[in-house]
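Here's a friendly walk through a protein model, one spot at a time. Have a look at the picture, then read on.

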2 protein chains.
Amino acid sequence: LASFSTAEATVVLRENGKTREKTLTMGTLNPQVKAVEYAVRGPIVTKAGDIERGLQQGQKHPFTEVIKANIGDSHAMGQKPITFLRQVVALCSFPELLDSSSFPEDAKQRARRILQGCGGQSLGSYSASQGVDCIRQDVAVYIEQRDKGVPADWDNIYLTTGASDGIVSILKMLVSGQGRSRSGVMIPIPQYPLYSAAISEMEAVQINYYLDEDNCWALDINELHRAYQAAKEHCHPRVICIINPGNPTGQVQSKKCIEEVLHFAYEENLFVMSDEVYQDNVYSPDCQFHSFKKVLYEMGPEYFNTVELASFHSTSKGYSGECGFRGGYMEVLNLDLEVKAQLVKLLSIRLCPPVSGQAAMDVIVNPPLPHEPSYLQFHKEKSAVLGALAEKAQMTEQILNTVPGIKCNPVQGAMYAFPRIFIPPRAVEAAMSLGMSPDMMYCLRLLEETGICLVPGSGFGQREGTYHFRMTILPTTEKLKVLLEKLRDFHIKFLKEYAPLEEPKRSEDDTQEALKQFR
Amino acid sequence: LASFSTAEATVVLRENGKTREKTLTMGTLNPQVKAVEYAVRGPIVTKAGDIERGLQQGQKHPFTEVIKANIGDSHAMGQKPITFLRQVVALCSFPELLDSSSFPEDAKQRARRILQGCGGQSLGSYSASQGVDCIRQDVAVYIEQRDKGVPADWDNIYLTTGASDGIVSILKMLVSGQGRSRSGVMIPIPQYPLYSAAISEMEAVQINYYLDEDNCWALDINELHRAYQAAKEHCHPRVICIINPGNPTGQVQSKKCIEEVLHFAYEENLFVMSDEVYQDNVYSPDCQFHSFKKVLYEMGPEYFNTVELASFHSTSKGYSGECGFRGGYMEVLNLDLEVKAQLVKLLSIRLCPPVSGQAAMDVIVNPPLPHEPSYLQFHKEKSAVLGALAEKAQMTEQILNTVPGIKCNPVQGAMYAFPRIFIPPRAVEAAMSLGMSPDMMYCLRLLEETGICLVPGSGFGQREGTYHFRMTILPTTEKLKVLLEKLRDFHIKFLKEYAPLEEPKRSEDDTQEALKQFR
């Protein structure tokens, strides 16, 4: 029995001399799957996992620990769960605990209400495809409060498996046409790679609009017009996606900017997808989160009653960081009624979002009130998380900006810094000769030499000739300091190696000076 | 502001006299989404929900309760969760409970092990895209034991969001080519509509092979050959899907039959997808579950080392019935190494399966052992569920077969009966004039007159001119009796209405006689 590989097929000689080819090979794989890229869990992350396992098995590296700053995974970086949320989920999971005196009444009341909404009063039943009714109602109440009274109808709320599920479902509805009438999807560059991956898998047309790095990654309305007009030549632009607060850029959009985007979408008949999963993650005192829905409402009924909008939220970010529960919701506005029925049909194929994730979502939209027993602890835990994130956002920006050849915009919100890094021409050449993007080579060497795992900017998109990486601000303050210092040393060494004659503009003293204020 | 609807677009007059068309209408919706059908949550189920809400609001109907026998949702039908499973999930959700003396040690040990495998020891972290390592290891051990020592490598185990997620992912990999070389997917008729929905959404070619209703819905190898040869004319058959035990048919495949299928797949270079989510649900004493993997192994290395196989399991069925947790796994065999990397990439876009669902899956593959404190209770609960299902499977078959014009094959396994119903020609005509399939009209009338919610056979596929419905055997024994009696009365009334001159071959006494043995 001989077995060998070719580029097209793996072939096995049968006993009878015939050959049996593999059915599924790189040659026969769905080309849309092949085309998909997803950097947040790309080759660097795989390599980081390998190194981690190696360390555990006693392999030697120039470091003792891999620091994963590649993904917005708060608990993995040491953040503790919000007690109240976990109490409610545990009570729902094992309702015998409802008789236990060690759980507070408000947690029990939440759990009873959720269970009442579940088939057979069990988290183990499928929920309706749109989610548990009472949780959708709670989401609508939350949105109304968040938006200072702008009405929210729970019929427009769909619970989802994380935000990704909702985003992919809405995109899927919107993709149609062939050739020049194929749907075009406008996305920011840099973007969160879920968008490019979904667009590529669905063979829609990706329309890049570039955020303005020189202006704190703000969205520039002129750039939207430029991108739209250019795209109209070869596709039918139908959707604009916005991420606010931004991932990976950390910018928070101004109300004026949102108005401009919505006006543009109104004029050009675009469907608006507003990714607002970081709505609780705003750190800069000059910034405030404005929901697209509220701004649309304030623009008047002409806008509020016509622009088709889907906005997305999740349990994974904010102050709870419950990624593993895969909870989320979307709210749709002005969706055609028949289309809504089609959306429910599409969602019904995956049966329902995980019900424990729905329960977690419920706690986030329906937290303890001031008069309830869990309020103080909840509030303390929430403030501690958001306070620490705000401090780390500031620290990350400031320290990075002391490093020669790194320039970091303010981390106004979300969980990431996306600094620009100077990569000397000789390093660019070296990367090219390895068939690698220069920022990929940079991040790979960083990982190999320091154990720090970041994602190259090319995974998110960046203007040609500029290089970046995305790092989360999630490590504990102590670990983040270590990370930033190691990163600094690596960067200086990298510059020395590839541009030995250039004079660094800042010295190590600047970094130490900046670090002091966070001690 | 005027708003009106047309078939193609909803149009709103703008203040300036221009019109703003909706972007997303039935006219512009993705045609693949429009083409998808999913009967298990189709119009009948929507209507059942409406009636249920109406009843709650005091509307009058000729019944006081909707009985939902449309979906395999055990807990919604009153089945209680397995205590041990829920204890482990609660402990994982709220680890403070690990200090509580009210939880048994074996549950705590499972929870500690799972948490050890989670980032930051929290269910709230993303797991690896393939799932938590130690749970994948437990799955591999479970499979080896189930298959009496056939080796299982945890590198081939992927945890999934229910079984559906895995099935859709594997199908997605396999779809390629255009025109006559487009991938063809062989599926049983009747089938579980996830398959037809996914095939339609991916624009693959559906190849029907008909199960033999006259032979207890057995798979007939000659029918496979017929379907394959016919399909080769217009597509490239690349996959064969098998559901064993069968959904909606309840048949359990013999070892000989599985060998024939595997030999066929080997000869024709087909990828085998084996949906084994009902592997614990075998009731007929003459039947036994054989995994496709074990049979492949026993056919010798020539087969075991070449045939590409993906098999699927889930937390939703079996004796636990934990649908809401969306847990599941798949095992792949003989997958090309590069293709495996592509699969992980594809799965990484959805980040990870819900981690509490992974924990639930772990309990199912790693239940209490005889020496452990929870063993007795676990065993008792498991046996009670499976014993009741076996009784209800037998009862359903026997009672249905006492009704004139209904013929039901033995429910050897799974959770459904798929009886054939005689629909008189005049009723067929009446349905056609309503633009409805006859079994849809039958099920709608059944719902309206009795409150019983079933799914028409046309949602699963059936030979032309034959009519069926799918009903679950999940209601409690008492409720199932009520359901079956109501169904009998409805059916006789339906026959009298549309075929008043035909003499029923069986009388009500037969039904009562058959019911007696289950009292």
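## The annotated domain

UniProt lists residues 103–487 of chain A as "domain: Aminotransferase class I/classII large", in an unreviewed entry. Its positions are given in the numbering used here, feature names are shortened, and annotations may be inferred rather than shown by experiment. In the model, the end C-alpha atoms of that span lie 44 Å apart, and the span is 43% helix and 15% strand. Helices (H or I, at least four residues) and strands (E, at least two) are DSSP runs, numbered from the N terminus.

A word on the ground rules: this is a predicted model, where local features need pLDDT of at least 70 and side-chain atom pairs count only at pLDDT 80 or more, while totals for chains, interfaces and linings use all residues. Residues are numbered from 1 along each chain as its sequence is written, chains are lettered from A and ligands numbered from 1 in the order in which they are written, and side-chain values use heavy atoms, with hydrogens and water left out.

## Two helix pairs in chain A

Start with helix 5 (residues 133–146) and helix 13 (residues 355–365) of chain A, which pack at an angle of about 30° with their axes 9 Å apart. Axes are lines fitted to C-alpha atoms, for helices over the stretch in contact, and angles run from 0 to 180 degrees between N-to-C directions. These two helices of chain A are therefore roughly parallel (a label for angles under 35 degrees). On the helix 5 side, the contact (heavy atoms within 4.5 Å) is made by A:Ile135, A:Asp138, A:Val139 and A:Tyr142, and helix 13 brings A:Gln358, A:Ala359, A:Asp362 and A:Val365. An α-helix has 3.6 residues a turn, so residues three or four places apart point the same way.

Now try helix 6 (residues 162–174) and helix 7 (residues 194–201) of chain A: their angle is about 35° and their axes are 10 Å apart. Here A:Ser164, A:Ile167, A:Val168 and A:Leu171 of helix 6 meet A:Leu194, A:Tyr195 and A:Ala198 of helix 7.

A:Glu308 sits in the loop between helix 11 (301–304) and strand 10 (309–314) of chain A. Is A:Glu308 buried or exposed? It counts as buried, because its relative accessibility is 0%; the cut-offs are under 20% relative accessible area for buried, over 50% for exposed and partly exposed in between, using a 1.4 Å probe and protein chains only.

Leaving aside neighbours within four places in sequence, A:Glu308 touches residues including A:Leu270, A:Phe271, B:Arg20 and B:Leu24. Its side chain also reaches the backbone nitrogen of B:Thr23 at 2.5 Å.

Two peptide bonds in chain A deserve a look. The one from A:Ile189 to A:Pro190 is cis, with omega near 0°, and A:Pro190 lies in the loop between strand 6 (183–189) and helix 7. The one from A:Asn247 to A:Pro248 is cis too, with omega near 10°.

Then there's phi. A:Lys148 has a positive value near 50° in a residue other than glycine, and at 69% relative accessibility A:Lys148 counts as exposed. A:Ala414 has phi near 60°, but A:Ala414 is buried at 0%.

## Over in chain B

Helix 13 (residues 355–365) of chain B has 11 of its 11 residues buried, so it is largely enclosed by the rest of the structure.

Key: A polar contact is a pair of N or O atoms within 3.5 Å; within protein, one must be able to donate a hydrogen and the other to accept it, and residues adjacent in sequence count only if both atoms are side-chain atoms. Angles under 35 degrees count as roughly parallel, over 145 as roughly antiparallel, 65 to 115 as roughly perpendicular and the rest as oblique.
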